[in-house]
Amino acid sequence: MRKTGLYLLLLPGVLFLTLFMVIPIVMTIASTFYQEGSFTIQGYLQFLTDAYFLKIMLTTLQVSLVTTIACVLIGFPAAYYISKLGPRKKGILLALAIFPLLTSSVVRSFSWMIILGKKGLLNSSLLAIGLIDKPLEILYTPTAMMIGLIHLFLPLIIITLVGVMENIDPDLLKAAESLGASKLTAFWKVIVPLSVPGLIIGSILVFVGSLTAYTTPALLGGKQRVISTFLYQNAITLNDWHLASVIATIMIVITFVVIYFMNKLATKLNPKG
Amino acid sequence: MQEKNRGLALFTSLVFLFLLGPLIIISFTSFEPGSVLKFPPEGFSLRWYENIFDVEMFMTTFKTSMFVSLLGNLLALLLGIPAAYALSRFDFRGKGILNGVFISPVLIPGIVMGFAMLKYVIVVYNLPIYAGLLVGHTVLMLPFIIRVIASSLSNFDFAIEEAALSLGAGRLETFFKVVLPNIRSGIIAAILIAFLESFNNVDISVFMTGPGVSTLPIQMLTYVENNFDPTIAAISVLLMIFTAILMFIIERLMGLSYFTKR
């Protein structure tokens with residue numbers, strides 16, 4: 001095939017993305033270094049020295065980290081169980097995990113408002129059985145955000161891990177056992193190490209997803225800001241586009257740093273993967 | 001081992017209860033006859049379903065969402081099919097980089113992309129909000145279209161294409177008569193997956209709304225801020241039914257294995 005033909009196939013998409021994604025993103029990043037016509041890093045200094053900004057950053061990182069750890073701890077055993085099932089049952093459980101994933105994040109976060117609210121299902125049940133005597137304030141706290149985010153991303157880690165675990169040769173487990181390893185040892189020495197690539201990819205998806213999620217913190221976080229709602233607030237409510245651009249740039253940098261180092265870790269732990 | 005499996009089975013059931021419970025609860029509350037969301041509902045009523053059609057903004061934004069997702073999808077297909085074909089069919093210098101570029105819209109945080117688009121597509125390029133919304137959704141859908149179509153092309157035997165070419169069919173004719181029909185189900189699945197991504201999108205759309213232009217998820221967010229009645233629960237049920245139908249079609253077309261691959 002001639003070169004021109006190839007370019008003709010690729011050009012429209014590349015042009016479109018350049019015009020509507022690459023230029024806007026690059027210019028947004030570049031704009032953070034210019035203020036009133038001269039080079040400046042004032043925006044970043046402002047961000048890094050303000051206690052309020054730092055608190056938002058810390059909340060965001062905490063919420064994302066806890067969400068990721070919880071998703072791994074809950075998702076790993078469930079994925080292992082699903083991966084060992086017969087094709088029919090496996091298919092049904094996978095479909096049940098994919099369904100919430102395809103459901104609007106507004107719907108999913110809203111459902112937690114009904115459960116976690118002051119007069120919500122959780123509080124009324126706990127009050128009814130007498131475990132508490134006044135309603136817990138869960139909604140509009142970091143805890144509510146974490147619950148919502150775990151709900152949002154748990155399916156992602158489960159289906160990623162099932163995809164990886166399915167491809168582990170069951171003969172490896174049998175071999176380990178026939179060589180004298182107990183079921184548990186075999187699980188730790190065979191299944192866990194071979195699942196590491198999936199675990200890392202899944203964790204990246206959950207961590208970066210939680211770090212940048214907007215809908216769930218906006219609905220469940222109330223006045224609690226995380227970095228994405230803070231970006232929105234500055235851009236739309238406060239109209240401070242310079243600060244919003246700084247926040248956007250910081251989000252891009254964090255995302256790419258996380259992806260880079262996690263990928264490095266993945267190749268280190270599993271050179272063949 | 002039996003014991004441990006039973007423990008795992010119980011654990012997994014609890015995980016699925018956590019995943020699906022809230023969606024079941026929201027469905028029940030949509031039938032609440034009173035105006036306060038309650039679980040369990042105190043009766044059975046469809047009044048909140050009627051309310052969806054009474055609140056004009058829901059219908060308007062539903063139409064906008066449909067229009068943007070469908071037209072954006074078409075645009076993404078026009079841009080994405082040739083790119084997916086080139087990337088799967090040929091080896092050339094810079095292929096890895098181009099692959100990266102086409103996948104990158106999913107790597108950049110949606111909220112960042114939305115803001116950058118507001119700044120440049122709406123303000124600098126001066127596109128009307130409606131057009132900006134459309135462009136934003138096309139960018140959003142492009143990686144999904146390319147990924148799904150490239151994966152169905154990877155199962156296509158290009159020897160068949162060679163055969164058609166050697167029998168004298170032209171390149172274009174071969175593409176439309178041999179390649180496209182063979183990956184038809186992959187294309188439809190790509191359309192549906194991209195459609196769902198676009199239809200549910202909040203992060204980009206939230207910046208592209210303005211006087212008279214909004215999408216359904218954004219309208220739902222705005223509504224929840226001011227009202228806490230079961231209308232959103234009722235819309236949620238309709239959206240879930242819609243999602244389930246599309247998911248069923250995707251399953252029939254290419255299986256759900258797309259979702260387990262990363």
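The legends below describe close-up views of a predicted model.

Local features require pLDDT of at least 70, side-chain atom pairs count only at pLDDT 80 or more, and totals for chains, interfaces and linings use all residues. Residues are numbered from 1 along each chain as its sequence is written, chains are lettered from A and ligands numbered from 1 in the order written, and side-chain values use heavy atoms, with hydrogens and water left out.

**View 1. Chain A, elements and extent.**
Chain A holds twelve helices and two strands. Helices (H or I, at least four residues) and strands (E, at least two) are DSSP runs, numbered from the N terminus. Their order from the N terminus is α-β-β-α-α-α-α-α-α-α-α-α-α-α. The C-alpha trace of chain A spans about 75 × 70 × 35 Å along its principal axes. Of the 273 residues in chain A, 54% are buried. Buried means under 20% relative accessible area, exposed over 50%, and partly exposed in between (1.4 Å probe, protein chains only). Take the contacts in chain A between residues at least 6 apart in sequence: 70% join residues at least 24 apart. Contact means heavy atoms within 4.5 Å.

An unreviewed UniProt entry lists "transmembrane region" at residues 7-33, 53-80, 92-115, 144-165, 186-208 and 241-262 of chain A. UniProt positions follow the numbering used here, feature names are shortened, and annotations may be inferred rather than shown by experiment. In the model, residues 144-165 of chain A are 100% helix and 0% strand, with end C-alpha atoms 31 Å apart. Residues 186-208 of chain A are 100% helix and 0% strand, and their end C-alpha atoms lie 32 Å apart.

**View 2. The interface of chain A and chain B.**
The two chains bury about 7200 Å² between them, 86% of it on carbon and sulfur atoms. Buried area is the accessible area (1.4 Å probe) that two parts lose on being put together, summed over both. Helix α1 (residues 3-31) of chain A gives the largest share of the chain A side, 17 residues. In total, 79 residues from chain A and 76 residues from chain B take part in the contact. Seven residue pairs are in polar contact across it, both at pLDDT 80 or more. A polar contact is a pair of N or O atoms within 3.5 Å; within protein, one must be able to donate a hydrogen and the other to accept it, and residues adjacent in sequence count only if both atoms are side-chain atoms.

**View 3. His137(B) and its partners.**
His137(B) sits in helix α6 (residues 129-153) of chain B. His137(B) counts as buried because its relative accessibility is 2%. Its side chain makes a polar contact of 2.7 Å with that of Ser198(B). Another polar contact, 2.9 Å, links the side chains of His137(B) and Ser205(B). Beyond its neighbours within four places in sequence, His137(B) is in contact with Val68(B), Ser198(B), Asn201(B) and Ser205(B).

Helix α2 (residues 47-54) of chain B has Trp48(B), Tyr49(B), Asn51(B) and Ile52(B) as its buried residues. These lie on the same side of α2(B), because they cover an arc of only 155 degrees around the axis. The arc is that of the directions from the helix axis to the C-beta atoms. Glu50(B), Phe53(B) and Asp54(B) are exposed, on the face turned away from the buried side. The cover over the buried residues includes α3 (56-89), α10 (216-226) and α11 (231-254) of chain B.
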